[in-house]
Amino acid sequence: MAQTITVIPGDGIGPEVTDATLTVLKAAGADLEYDMQQAGLIALQEQRNPLPKSTLESAEANRIMLKGPLTTPSGAGFRSINVEMRKVFDLYANVRPVRTIVPGGRYEDIDLVLIRENTEGLYVGVEHYIGIHGDPHAAAESVMIITRFGAERICRYAFEYARANGRKKVTLAHKANILKFTQGLFLEVGQEVAKEYPDIEWEDRIIDATAMLLVLDPYRFDVLVMENMFGDILSDLMAGLIGGLGLAPAGNIGKDAAMFEAVHGSAPDIAGQGVANPTGLLMSACLLLDHVEQQEVATRIRGALDTVIRANESRTVDMGGSASTTEYTEALVRALA
Ligand code: NAI
Ligand code: MG
């Protein structure tokens, strides 16, 4: 029986890249049924709720989600639905592989995986304003929360991932020199977990130096693991190593649910123009296929991506070409035939 997944096209370029992704999934013969649901700004506008009950129920039933980007207002307004979904389904590991697929960029042959803690850290949303002398916004406070439980399961995930995927090294990036308690605990737990994996090389590095080294010499890294916000920031940096956000996939993995989405956002600057690159979401769909044990289909799609991108006839604008989303998608479908 085909696996039913919840599909949330989302906001901005979301519907365009989701259409393209589903077209390629169908052409590749993925054995999936799609339960289409809304979330984000579009859901707020059409259902008066950025995370409607029907979406949650669908996700609850299917446990596997493919999600487009959701617009989150900065500052005031509703809280991030992405963060909410990760919390509701306890999707504690955000797995973000970056691999060169467009040759001729700044770096060749990048092949790295960032594992970002997805439920704790500074993004727990424990924050408030402090009013002083009639100014209600005189100060603000956000709390970073790290637990031994959370740090241990993400560090263990990183080592298990390294083992299962034939990776050699895990780097834990932190700021324990300044944030001695929260980041100190994360590092302490990482050191303990590392002892159980003598077959995997291990190092820890300060987060800022890690950012510099990723640009100077990304080849010294393999798997990287870190706290939520550090992972958010460095995963965009790492997407930059392979030519940009349009090419970076992600899986949010929990014990009994998983949500796959591109690293990029809703890209309001290019939404509705038919020029968005669907590769990030399509590669996220490949991670989904791996997850539901349809690896052969994922391999075929990755092969088609390599063929089309290397041929350099139908690349989207961000990949240095002039193809529309539809033209690029059609080229992928032809490459699958
Ligand atoms: P963004 O990732 O949407 O866009 C940054 C830049 O990259 C823009 O110039 C955009 O045109 C380009 N870009 C992104 N994806 C692309 C693609 N597939 N093809 C070609 N170019 C692409 O980041 P931004 O503008 O900071 O955020 C926009 C909105 O998205 C915000 O509301 C933010 O909260 C939300 N967001 C949602 C995420 C999610 O749903 N997981 C992740 C990141 C941001
Ligand atoms: Mg981000």
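A: Let's begin with strand 8 (residues 169-174), where six of the six residues are buried, so this strand is largely enclosed by the rest of the structure. Buried means under 20% relative accessible area, exposed means over 50%, and partly exposed lies in between (1.4 Å probe, protein chains only). Strands (E, at least two residues) and helices (H or I, at least four) are DSSP runs, numbered from the N terminus. The model is predicted: local features need pLDDT of at least 70 and side-chain atom pairs count only at pLDDT 80 or more, while totals for chains, interfaces and linings use all residues. Residues are numbered from 1 along each chain as its sequence is written, chains are lettered from A and ligands numbered from 1 in the order in which they are written, and side-chain values use heavy atoms, leaving out hydrogens and water.

Q: Which residues of strand 8 lie on one side and which on the other?
A: In a regular strand the side chains alternate between the two faces of the sheet. Here Lys169, Thr171 and Ala173 lie on one side of strand 8, with Val170, Leu172 and His174 on the other; all are buried, and both faces are covered.

Q: Which strands are joined to strand 8 by bridges?
A: Two strands pair if DSSP finds at least two bridges between them. Strand 8 runs parallel to strand 9, with six bridges joining them, and threonine 171 stands opposite glutamate 203 of strand 9.

Q: What should I look at around strand 3?
A: Strand 3 (residues 64-67) pairs in the parallel sense with strand 1 (residues 3-8) over three bridges, and isoleucine 8 stands opposite lysine 67. Four bridges join strand 3 to strand 12, again parallel, with leucine 66 facing phenylalanine 260 as its bridge partner. Both faces of strand 3 are covered: Ile64 and Leu66 are buried on one side, Met65 and Lys67 on the other.

Q: How many salt bridges does a search of the whole structure find?
A: Side chains of opposite charge can pair when their charged atoms come close. A salt bridge is a side-chain nitrogen of Lys or Arg within 4 Å of a carboxyl oxygen of Asp or Glu, and the search finds 21. In one of them, glutamate 261 meets lysine 67, with the closest N and O atoms 2.8 Å apart. This pair links strand 12 to strand 3 across 194 residues, and both partners are buried.

Q: Are the partners buried or partly exposed in the salt bridge between aspartate 306 and arginine 99?
A: Aspartate 306 counts as partly exposed at 22% relative accessibility, and arginine 99 also counts as partly exposed, at 29%. Their closest N and O atoms are 3.9 Å apart.
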